[in-house]
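Hello,

Here is the structure you asked for. My notes on it follow below.

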Amino acid sequence: MSSPATGTSKSIQDDAAAAKKRKGPGALATAYLVIYNVVMTAGWLVIAVGLVRAYLARGSYHGLYYSIEKPLKFFQTGALLEILHCAAGIVPSSVVLTGFQVMSRVFLTWAVTHSVREVQSEDSVLLFVSAWTITEIIRYSYYTFSLLNHLPYLIKWARYTLFIVLYPMGVSGELLTIYAALPYVQKTGLYSVTLPNKYNFSFDYYTFLILAMVSYIPLFPQLYFHMLRQRKKVLGHAEDTTKLE
Amino acid sequence: MKHYEVEILDARTKAKLCFLDKVEPNATIGEIKSMFHKSHPQWYPARQSIRLDSKGKSLKDEEVLQHLPVGTTATFYFRDLGAQISWVTVFLTEYAGPLLLYLLFYFRVPLVYAPKYDFTSSQHWVVHLACVCHSFHYLKRLLETLFVHRFSHGTMPLRNIFKNCTYYWGFAAWMAYYINHPLYTPPVYGEQQIRLALILFLFCQMGNFSIHVALRNLRPPGSKTRKIPYPTKNPFTWVFLLVSCPNYTYELGSWLGFSLMTQCLPVAAFTGVGFIQMTVWARGKHRGYRREFRGYPPLRSPILPFIL
C-alpha cells in the first residue's frame with residue numbers, strides 16, 4: 001500500500017495531468033497554431049489584395065480568377081492541415097465535420113474550377129472566391145486572436161455577423177459554378193468510368209455533380225441556422241463569462 | 001420481512017415520476033421496471049434506464065434491490081432511452097434485405113438493366129457461383145440470428161434499424177448491380193482465381209460459424225454471462241490463441257474471398273468499410289475482456305494476429 005505522502009503527490013500529478021488535458025493544446029501546439037493561423041490570414045489577404053489590384057488594373061470583374069489562381073489553390077488546399085489538427089486533439093473540433101467542410105472547399109477548387117477550364121472565366125467563380133476570401137480572413141484572424149487571449153470584439157462581431165450575407169453568397173457562387181460545369185463534364189466524360197472494365201465499376205461524374213448540388217438543399221439550411229444560433233449565444237450574451245453547458 | 005419503498009425521479013428534471021411501496025427486498029431492477037411501466041405505459045421496460053445517480057451508469061436488470069447501496073426508501077433516477085427495437089428484429093431485417101435485393105439483380109428484373117436484358121441469365125459461371133455464395137452468406141446469418149446467437153442486450157435504439165439497413169441494403173444493391181451486369185468482366189486469372197477465392201470463402205464461412213457456436217456455448221440459455229473464450233476441439237476455434245474476436249477475422253476473410261471471386265471494386269469497398277467497423281468493435285471487445293478478466297491471455301490481438 002502506498003504511504004499517504006506518495007498517495008497525495010500521485011493524486012496531485014493526476015489532477016495536473018487531467019487539468020492539462022482539459023485545457024487543450026500545450027504551449028508548443030499553441031505556438032504552432034498561432035503561426036498557422038497568422039500564415040493563413042496573410043495568405044487570404046494576399047488573395048484579397050490580388051483581386052483588388054487585378055480589378056483596378058483591368059477595370060472589369062471578368063476573369064479575375066486567373067490573377068489569384070495559384071495562392072487560392074495553395075492556401076485553400078493548405079486548410080487540409082486543419083483536419084490533422086482535430087485528429088491530433090490540438091483543436092477541439094470534430095474531425096468529421098471539419099473534414100467535410102475542408103473537403104467540400106478543396107473539391108470546388110480542384111475538381112470543379114481547376115478541372116473544367118471553361119468555367120474559370122464565369123462570374124460565379126468570383127462570387128464564391130470573394131465570399132471565401134472575406135470569410136477566411138476574418139476566421140483565421142479570429143483564431144489567432146483567440147489563441148493569444150486577446151480577441152477584439154470587432155473580429156468576434158464580424159465572424160458571427162458577416163456570414164449572414166457571405167454564406168448565401170458563397171453557396172450561390174458554388175452552385176452556379178457547378179451548374180456551369182455540367183455540360184462540359186457530360187460532353188467530355190470527365191472523371192467518369194464506364195463499363196465494361198476489369199474492376200467491374202462505373203462512375204458518372206455528371207450525375208455525381210448533380211447529386212452534389214442537390215445535397216446543398218438539406219445541408220445549407222442546417223449549417224446556416226446553426227450559425228445563427230451560435231450568433232445569438234456568442235453575441236447576444238456578450239456580458240456573460242460563464243459557458244452555458 | 002421488511003419491505004422497501006422505491007421512488008423514481010426524472011434524471012434531468014428531478015421530478016417525482018413514481019412511488020412504489022411494499023417492494024420486496026429481493027426484487028430485481030427488471031421487476032421494478034415492470035412496476036414503473038404500469039404507471040407509465042408509454043415507457044416499456046426496454047426503454048427505461050434506471051440509475052442510482054442522475055448522471056450515473058444504468059443499473060442492470062439482474063441487480064437485486066437489497067444488494068444495492070440504498071436505504072429502505074430507495075431513490076432511483078430514470079432516463080428515457082427512446083423507442084427501442086429488438087436486436088433480433090434488426091438483424092433479420094438488415095440481412096433479409098441483401099438476400100432478396102441481390103436476387104432481384106441476379107434475375108435481372110425489369111427497370112434495372114436495359115429492357116433487352118430483362119430476365120436473361122449471365123453467360124459467366126462465376127456470376128452464378130457468386131449468387132450462391134452471397135445468398136448462402138446471408139441465409140447463414142439469418143439462421144444464426146434465429147438459432148445460434150445469445151444476445152446480451154434485448155434491444156437497441158429504433159433509429160439504428162434505418163442506419164443499419166441503409167448500409168447493408170445499399171451496399172448489397174451496389175455490388176449486385178455490377179456483378180450481374182450484362183457487361184460484367186470475369187476475374188483476370190480465370191478459374192484459378194475463382195477456385196482460390198471459393199476455398200478462402202468457404203473456409204472462412206465455416207470458421208465464422210464455428211466461432212459463433214463456440215461463443216454460444218460459453219453462455220447458458222437465457223443468461224447474459226461473459227466468459228473468456230478458449231480454443232475447443234474444433235480446429236477453426238484454435239485461432240482464439242491469437243485473436244480475441246476471430247468471428248470478425250473470419251468475416252473479413254470471407255469478404256476478401258468474395259472480392260477476389262468477383263473482382264468487383266464495390267465488393268472490395270464493402271470489405272474495406274466492414275473491416276474498419278469490425279476493427280473498432282474488436283478493439284472495444286478486446287479492451288472489455290482485458291478490463292474484466294485478470295488473467296486474460298496476453299498473446300491475443302483484437303482482430304489480426306500480432307497486427308491489429
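The area buried between chain A and chain B is about 890 Å², and carbon and sulfur atoms give 62% of that. Buried area here is the accessible area (1.4 Å probe) that two parts lose on being put together, summed over both. On the chain A side, Leu195(A), Asn200(A) and Phe201(A) lose the most area to chain B, together 57% of what that side buries.

This is a predicted model: local features need pLDDT of at least 70, side-chain atom pairs count only at pLDDT 80 or more, and totals for chains, interfaces and linings use all residues. Residues are numbered from 1 along each chain as its sequence is written, chains are lettered from A and ligands numbered from 1 in the order in which they are written, and side-chain values use heavy atoms, with hydrogens and water left out.

Back to the interface. Eight residues of chain A are in contact (heavy atoms within 4.5 Å) with 12 residues of chain B. Six residue pairs between the two chains are in polar contact, both residues being at pLDDT 80 or more. A polar contact is a pair of N or O atoms within 3.5 Å; within protein, one must be able to donate a hydrogen and the other to accept it, and residues adjacent in sequence count only if both atoms are side-chain atoms. The count of salt bridges between chain A and chain B is zero, a salt bridge being a side-chain nitrogen of Lys or Arg within 4 Å of a carboxyl oxygen of Asp or Glu.

Chain A has nine helices and zero strands. Helices (H or I, at least four residues) and strands (E, at least two) are DSSP runs, numbered from the N terminus. Of the 245 residues in chain A, 36% are buried, meaning under 20% relative accessible area, with exposed over 50% and partly exposed in between (1.4 Å probe, protein chains only).

Two residues of chain A are described here in detail.

- His85(A) lies in helix H4 (residues 81-88) and counts as buried because its relative accessible area is 5%. Its side chain makes a polar contact of 2.7 Å with that of Tyr32(A). Leaving out residues up to four places away in sequence, His85(A) also touches Leu33(A), Tyr36(A), Ile90(A) and Val91(A).
- Val106(A) lies in helix H5 (residues 95-114) and is buried, at 12% relative accessibility.

Regards
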